[in-house]
Structure formats: structure tokens, C-alpha cells
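Visitor: I have not looked at this one before. Could you walk me through it, beginning at the surface and then going inside?

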Amino acid sequence: MIVTTIYRFDTLWKLGYFKDLPHVTVRKWDGDKMVSTTYIRVYGGFDIETTTIGEMAFMYHWQLSLYTDKKEIVFLGRTWKEFETLVTKIKSSFGLNDNKRIILWIANTSFEFSFIGRRFEWSEIFAKEPRQPLLARTGGIEFRGCLSISGGSLAYLAKNYTETQKLKGDLDYSIIRNSKTPLTETERQYCINDVVILAEWSKYIFDKYIVSNFIPVTKTSIIRHDLKDRAKASYGKKGYKRLKEWVQTLFPP
């Protein structure tokens, strides 16, 4: 189902499109205490299309997916005001806060964050380098990047992880556009596919990692997680702890 305007979100909510969604609780140590965070099982993605004039880039179209296990919804918009309104509605309708969240995946957070960074108050930002965030959270909405995990472009991610594939050559980036520039159905489908891919990626991450109390940030974090699980499976928790202490003696800080 494609929703072409944000103002239908209220109607969808009243109709129960997002009612009684399952959730996953992720627990992790924060200093000396265990912190629990609830993630609603809605598969989200966010992407924008931009046009360039000289050295300035402008967004002229955005798309956001909110899939569940039974419903497939994509929102489309043309202005930042529309997007900001939708984010506000999502936060209030789901009752999101620091402990109750949803994840919106982005193909390349460095690019998108250069546009949205000044539009929200951020509760948390995790970056590997300046202007290269891997995670940025505004209240109960987490924007997370795929690039540091998949190791490739959105087309590469789709080829390796999702059923939906990225369309090619259907959106001419040489054309200067603005929020009122009409898009053909083919061009709109190009935009839609991008966030459908991200929604399918989100489901993959939920099924493979989040249900096991782990949200990957980079490829390296996945390797560490897998090695930890294998060591615990082979040696048990106590054996893993001794193994970890032994390895630390080989590579002191």
C-alpha cells in the first residue's frame, strides 16, 4: 500500500494499522547498571532525493517506510515541514520516548544527516568520525546507517539481503528539481523501492540480531558478537569469561 500524503497517518492510526505491534526488549550494561530499551517491531527506512545547483544541494522528495509483519506502508512527501510533521505524529502516536523506540534505517547517514541534523533536537549521536554518524536519536526515533554494516551501496545491500531490488536509471539526476516538480509514476516507484529495500533490511536485522538482544552498528561489531556467541556455546559463560581474561593478557591496553 502506498500512502502519498502524511495527513493519512492519522486515519491509518485510527483504523488500527499499527495497533498491538509486537516488541523486542534489548538489555545492555550502561556503566554499573542494566538498561532495558523496548523496540517496536515496525520495519522502517528513510531516504531523500536531492538536486544540486552549483555547490548547494536541496531535498525535493522524501520517502519513509513503516512496514509491519502484515502491512506495508510507504509515506511520500516533498517538503521538510511535511517530514517534521510526520515525525512528530509518529512519536506521539506510538508514545515513543527514551525507553520505547523505533528504528529508521538510512542507506548513508552521512548524507541524510547533513540535511536533517539541524531539524531536530538529538538525544544521542554515535559517530565514527566528525559528520559521519552511525546512529542519531531524536527522542524515541533512532536513525541508523546501513553502510557501516553492509559495506556497500543500497544496490549492493539489496542484492545481498533483500528481495526488492534498487531500480536503475529511472531518475535523471541531471534535472534540476524542486518540491513542486512533478514526478512520473516510474520516478515515484524509484523512490519507493529505495525505502522498501530498507524496510526489508530492517526485518532482516530484527530477525537475525535484535531478537537476540543485539543491534549491530558496524561489521566489526557483528564479528565480535558472533565470536562471543560461539565462545559461549563452546566453553559456557564461565569458560568464556576465562578465555576473555586470557586474551586480554595477550593484548594489554
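Guide: Gladly, and please keep in mind that this is a predicted model.

Visitor: Where does I176 lie?

Guide: I176 is in the loop between α5 (154-161) and α6 (185-208), and it counts as exposed because its relative accessibility is 55%, where the cut-off for exposed is over 50%.

Visitor: Okay, now the inside. Which residues touch the most other members of the largest nonpolar core?

Guide: That core has 31 residues, and those touching the most other members are F46, W62, L64, L66, F75, F83 and I90. Among the elements that give two or more residues to this core are α1 (9-14), β4 (43-53), β5 (56-67) and α2 (80-94), and α2 gives the most, with 6 residues.

Visitor: What does F83 touch?

Guide: Leaving aside residues up to four places away in sequence, F83 touches F46, W62, L64, I116, F120 and F143. There is also a second, separate core of 29 residues, which includes Y43, L76, I103 and L154.

Visitor: Switching to charges, how many salt bridges are there?

Guide: The count comes to 11 salt bridges. In one of them R137 pairs with D98, and the closest N and O atoms are 2.8 Å apart. Because R137 lies in strand β9 (residues 132-138) while D98 is in the loop between α2 and β7, this pair ties together parts that are 39 residues apart in sequence.

Visitor: And are those two buried or exposed?

Guide: R137 counts as buried, at 7% relative accessibility, whereas D98 is partly exposed, with a relative accessible area of 41%.

Visitor: What about E185, which residue does that pair with?

Guide: E185 forms a salt bridge with R188, with 3.4 Å between the closest N and O atoms. The two are separated by about one helical turn, because they are 3 residues apart in helix α6. E185 itself is exposed, with a relative accessible area of 58%. Elsewhere, salt bridges that share partners join R41, K203 and D207 into one network.

Visitor: Where is R41 found, and what does it touch?

Guide: R41 is found in the loop between β3 (33-40) and β4, and it is buried, with a relative accessible area of 13%. Not counting residues up to four places away in sequence, R41 touches P22, H23, V24, D69, F206, D207 and V211.

Terms used:
Residues numbered from 1 in each chain as written. Predicted model: local features only at pLDDT ≥ 70, side-chain atom pairs only at ≥ 80, totals over all residues. Heavy atoms only, no water. Helix = DSSP H or I, 4+ residues; strand = E, 2+ residues; numbered from the N terminus. Buried < 20%, exposed > 50% of the residue type's maximum accessible area, 1.4 Å probe, protein only. Core = buried A, V, L, I, M, F, W, Y, C linked by side-chain atoms within 4.5 Å. Contact = heavy atoms within 4.5 Å. Salt bridge = Lys/Arg side-chain N within 4 Å of Asp/Glu carboxyl O.
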